[in-house]
Amino acid sequence: MVAAANIQYSWTLFVPEIQNAHGWTRASIQVAFTIFVVVQTWLTPIEGYFIDKYGPRAVVFVGGLFTGLSWIVNSYATTLTGFYVGAVIGGIGVGCVYATCVNSALKWFPDKRGLAVGLTAAGYGSGTVLTIMPIANMLKTSGYQDTFFLFGLIQGAIILLAAGFLRQPGSGEVVYSASVAQSRRDYTLGEALRTPVFYVMLGMFICTVTGGLMAVAQLGVIAEDLGVKKVEVNLYFFAMAALPFALMLDRILNGISRPLFGWISDHIGREKTMFFAFAMEGIGIVALGTFGHNPWAFIILSGVVFLAWGEVYSLFSATAADTFGSKHVGKIYGVLYCAKGVAALLVPVANLIMEASGSWATVLYIVAAMDLTAAFAALFVLRPMLARHHRQNEAAAQALRERDGIVRA
């Protein structure tokens, strides 16, 4: 996951270098990033099918080849089309790696599912901490072509090496949780899609991930609108403008939130953790719109928003495996993960709302309302539905055991 993170999180370092070399507009170059996100997200259900059919080793091996090849293609690209092709290849590669690693964490550690998938997702969210400076330095000294080529080889090789150690858990190798209700029945994708609880989770996922993506994607513009973008804050031993300070805090808290809230959910339950996290994000966004004119308040409140947003990727994946079993969770969570793809398409709506209203306040209040709706839905809709879902599964299993007992007798 760390090796796959550069394609998404280090791309911003390459954009100015590509623009200087070819003179293309920044918007046309950034189309490659949009293509990458769409491919990486929307192909997850297909990758989930291959994970369940062929196992994690084969899928991550393909992911490593494509992840490395993506940046090698970029190193030779001389047209925008070349970079777009590299983005498609990268989206497939990173999708294979991301989907398989999350899937493996869900299957291997059902007793610590939230923490395990949170740590795995944190590897992707914070993976560039190790490479951001080496990439930035090599871009200055060797140019973007050589940097793409070298780091493409390195990250592809690391993923290929790691793939050899992956396998599915065998019978009796896993322990189920004693504190979180978990299905012992393995639903197929078709069966999961016929349950109301799946669509409640999908709706909540869209609400929370859309709100978070809107806040994150527009943070720079929001900072400018609030008048704090270039205001320096003094920490006695160094000074930094409010916006880059907030963005630095984003990387740290985005990584921390995934295992932190995953660990909490292993102990108090997924729905209660969702309520706490989503409500914190919603309140934080309202407070950001109200008090964000103060640079310190902007930094602290944006940090709260980032802390409360990153955990969606650990909580929803863990809840999906708890609800539908782990055998087919690759396909099931793959469809659920398409919520991120829907959210990516909704994010530009924020600009339209801002232009119509003349202020970011309206956008922030809408986003906060979406988060708070998901928070209350977790406690008052999802929780009773899951309790009923597990009771029905247990009743069906008990009836089957009794029938088998009668047949044997």
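A patch is built from residues with over 30% relative accessible area and no salt bridge, with like charges joined within 9 Å and nonpolar side chains (Val, Leu, Ile, Met, Phe, Trp, Tyr) within 5 Å. Accessible areas come from the Shrake-Rupley method with a 1.4 Å probe, and for residues only the protein chains shown count as cover. A salt bridge is a side-chain nitrogen of Lys or Arg within 4 Å of a carboxyl oxygen of Asp or Glu.

This is a predicted model, in which local features need pLDDT of at least 70 and side-chain atom pairs count only at pLDDT 80 or more, while totals for chains, interfaces and linings use all residues. Residues are numbered from 1 along each chain as its sequence is written, and side-chain values use heavy atoms, with hydrogens and water left out.

**View 1. A nonpolar surface patch.** Met248, Ile252, Ile256, Leu260 and Trp263 form the patch. Together they have about 440 Å² of accessible area. Leu260 sits in helix α12 (residues 242-268). Helices (H or I, at least four residues) and strands (E, at least two) are DSSP runs, numbered from the N terminus. Leu260 has 35% relative accessibility, so it counts as partly exposed. Buried means under 20% relative accessible area, exposed over 50%, and partly exposed in between (1.4 Å probe, protein chains only).

View 2. The structure holds eight salt bridges. Asp266 and Arg270 pair through their side chains at 2.8 Å, N to O. Both residues are buried. Arg270 also meets Asp322, at 2.7 Å, N to O. Arg270 lies in helix α13 (residues 270-291) and Asp322 in helix α15 (residues 312-324), so this pair ties together parts that are 52 residues apart in sequence. Salt bridges with shared partners join Arg113, Asp266, Arg270 and Asp322 into one network. The relative accessible area is 2% for Arg270 and 2% for Asp322.

**View 3. The Arg185 and Glu191 pair.** A salt bridge links Arg185 with Glu191. Their closest N and O atoms are 3.2 Å apart. Arg185 is partly exposed, at 38% relative accessible area. Glu191 is partly exposed too, at 24%.

**View 4. Thr120 in its helix.** Thr120 belongs to helix α7 (residues 113-125). At 18% relative accessibility, Thr120 counts as buried. Its side chain reaches the backbone oxygen of Ala116 at 2.8 Å. Contact means heavy atoms within 4.5 Å. Leaving out residues up to four places away in sequence, Thr120 touches Met1, Cys101, Val102 and Ala105.

**View 5. Ala77 in a loop.** Ala77 is in the loop between α5 (56-76) and α6 (80-108). Ala77 is buried, at 8% relative accessibility. Beyond residues up to four places away in sequence, Ala77 touches His22, Gly82, Phe83 and Tyr144. Ala77 and Gln145 are 68 residues apart in sequence, yet their C-alpha atoms are 8.5 Å apart.

View 6. A disulfide is a pair of cysteine sulfur atoms within 2.5 Å. A search of the whole structure finds zero. For Cys96, the nearest cysteine sulfur is that of Cys101, 11 Å away. Cys96 is buried, with a relative accessible area of 7%. For Cys338, the nearest cysteine sulfur is that of Cys96, 14 Å away. Cys338 is buried as well, at 11%.

Conventions
A polar contact is a pair of N or O atoms within 3.5 Å; within protein, one must be able to donate a hydrogen and the other to accept it, and residues adjacent in sequence count only if both atoms are side-chain atoms.
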